[in-house]
Amino acid sequence: MDLLAFGKTGWGDELFVAALMTIAVSITAMFIGFIFALIFTPLKLSKNKFLNLIANSYTTVIRGVPELLVIYLFFFGGSGALMYVASIFGYYEYIEINAFITGSVAIGIISGAYSTEVFRGAIQSIDKGQFEASKVLGFKKHIHFFKIIMPQMLRLSIPNLSNVWQITLKDTSLISVTGLVEIMRQSYIAAGSTRDPLFFYSFAAVLYLALTFLSMQLINRLELKYNKGY
Amino acid sequence: MDIDLIIASFPKLLGGALITLKLLSASMFFGILIGLFFAILRIKNNFLSKIAYGYSYVFRGTPLLVQIFIIYYGFAEIDLIRKTFLWEAFKEPYWCAIIAFALNTGAYTSEILRSAFETIKIGYIEAGKSLGISKKLIFYKIQIPIAIKQSLPAYGNEIILMLKGTSLASTVTLMDITGIAKYIISTTFKPIEVFIVAGSIYLFMTFIIHNVIKFLEKKYSFNN
């Protein structure tokens with residue numbers, strides 16, 4: 001237990017901060033994924049074949065390719081791509097993107113592909129009458145979407161979004177390869193300097209379990225709250 | 001876009017595909033045995049079923065990366081493993097990866113099979129009983145085939161998830177597709193080209209798995 005002491009003698013405080021970092025990356029990634037899903041779900045449901053193709057290739061490619069490969073693409077390619085764009089505008093200095101942003105964007109894009117599928121399924125399971133009723137009542141398009149369809153879509157997607165959240169939370173462990181100090185990276189550092197990998201990796205597993213357990217409790221409460229009256 | 005690099009890296013990455021496939025097939029083979037074992041434990045509600053639940057909860061609630069690291073780096077600390085024949089397996093990253101993957105996919109498989117067992121219509125079992133078939137035979141000849149058939153779509157997804165999971169073998173020095181891709185990227189600094197090639201190989205594999213499962217589903221459906 002000395003290994004987990006707070007302060008200079010143990011790794012307790014470092015691991016605690018690392019756990020907060022994992023939570024921060026997961027939430028950021030989930031949020032980015034949310035935005036991606038809100039962009040791609042309408043494309044997926046649209047009648048235009050070309051827009052369909054774009055959305056389908058996004059979800060198929062991201063869900064069919066290992067997460068680690070996507071992270072390597074962003075880790076090695078992110079700053080290069082940004083520098084290329086910057087060079088068009090006449091900026092030739094070296095740009096380095098922070099590991100937090102690279103990681104959140106990479107995981108966010110992955111999480112977005114899953115969320116897109118969840119939203120698509122949710123919209124398709126909304127009663128057809130709702131669409132017709134809002135059409136008959138003559139709502140404007142954005143009110144129709146934001147006030148009538150989206151609230152129902154969100155309620156229906158809570159159970160599946162909780163799966164996406166779990167996947168996202170676990171995927172953040174892969175960001176450790178880019179050097180961002182989250183749970184996995186901190187355990188790697190601690191294991192290296194104390195030569196006790198078994199203890200620190202097991203403790204990392206416990207931290208992840210605690211995070212998934214706590215978030216499930218929270219989501220279950222949310223689900224109960226929004227299922228009132230159904 | 002560097003077309004030459006795309007062409008040059010293709011055979012190298014295809015070599016990695018062989019390791020990926022080996023890892024996938026070995027871990028799926030052991031995983032289905034583990035999954036079936038723990039799914040059967042969970043049918044009855046007793047102490048053993050609680051252990052089976054704990055196993056699947058822990059392995060589904062933690063990242064695969066942690067599991068590989070515990071098995072590859074962590075288990076080397078335990079004397080029971082290092083001083084006995086077990087060390088032969090645990091000193092090889094290849095076997096460590098397979099053990100981790102098999103335990104991980106076993107946890108998911110046990111959940112898939114459990115829910116399949118639970119949704120078998122009671123009528124099938126009653127029909128078997130009324131025909132005077134023994135309990136053992138009902139289990140092996142009625143419950144297990146139906147459960148397998150029902151869990152095919154979910155199991156197909158699990159194979160694809162595991163295919164993607166094998167990429168983590170590259171973190172314990174194995175040169176699978178992702179391992180080789182990372183090596184090429186870090187020597188040439190051309191991530192996009194390598195990503196296109198490696199990604200296409202993975203997508204092609206996903207495509208094949210998806211269609212095989214679809215074919216099996218059709219073949220074993222009750223309707224025809």
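**A helix at the chain contact**

Guide: Read along the sequence, chain B has the pattern α-α-α-α-α-α-α-α-α-α, where helices (H or I, at least four residues) and strands (E, at least two) are DSSP runs, numbered from the N terminus. This is a predicted model, in which local features need pLDDT of at least 70, side-chain atom pairs count only at pLDDT 80 or more, and totals for chains, interfaces and linings use all residues. Residues are numbered from 1 along each chain as its sequence is written, and chains are lettered from A and ligands numbered from 1 in the order in which they are written.

The part to look at is α8(A). α8(A) has 30 residues and reaches 43 Å from its first C-alpha to its last, close to the 44 Å expected at 1.5 Å a residue; the expected span is 1.5 Å times one less than the number of residues.

Its buried residues include A:P197, A:F200, A:Y208 and A:L211. A residue is buried if 20 or more other C-beta atoms, placed from the backbone, lie within 10 Å of its own. The buried residues of α8(A) pack against α1, α6 and α7 of chain A together with α2 and α3 of chain B.

Between the chains, 26 residues of chain A are in contact with 31 residues of chain B, contact meaning that C-beta atoms, placed from the backbone, lie within 7 Å. The largest share of the side of chain A that touches chain B, 9 residues, comes from α8(A). By contrast, helix α5 of chain A lies largely in the open, because 0 of its 9 residues are buried.

Terms used:
Contact = placed C-beta atoms within 7 Å. Buried ≥ 20, exposed ≤ 12 C-beta atoms within 10 Å, placed from the backbone.
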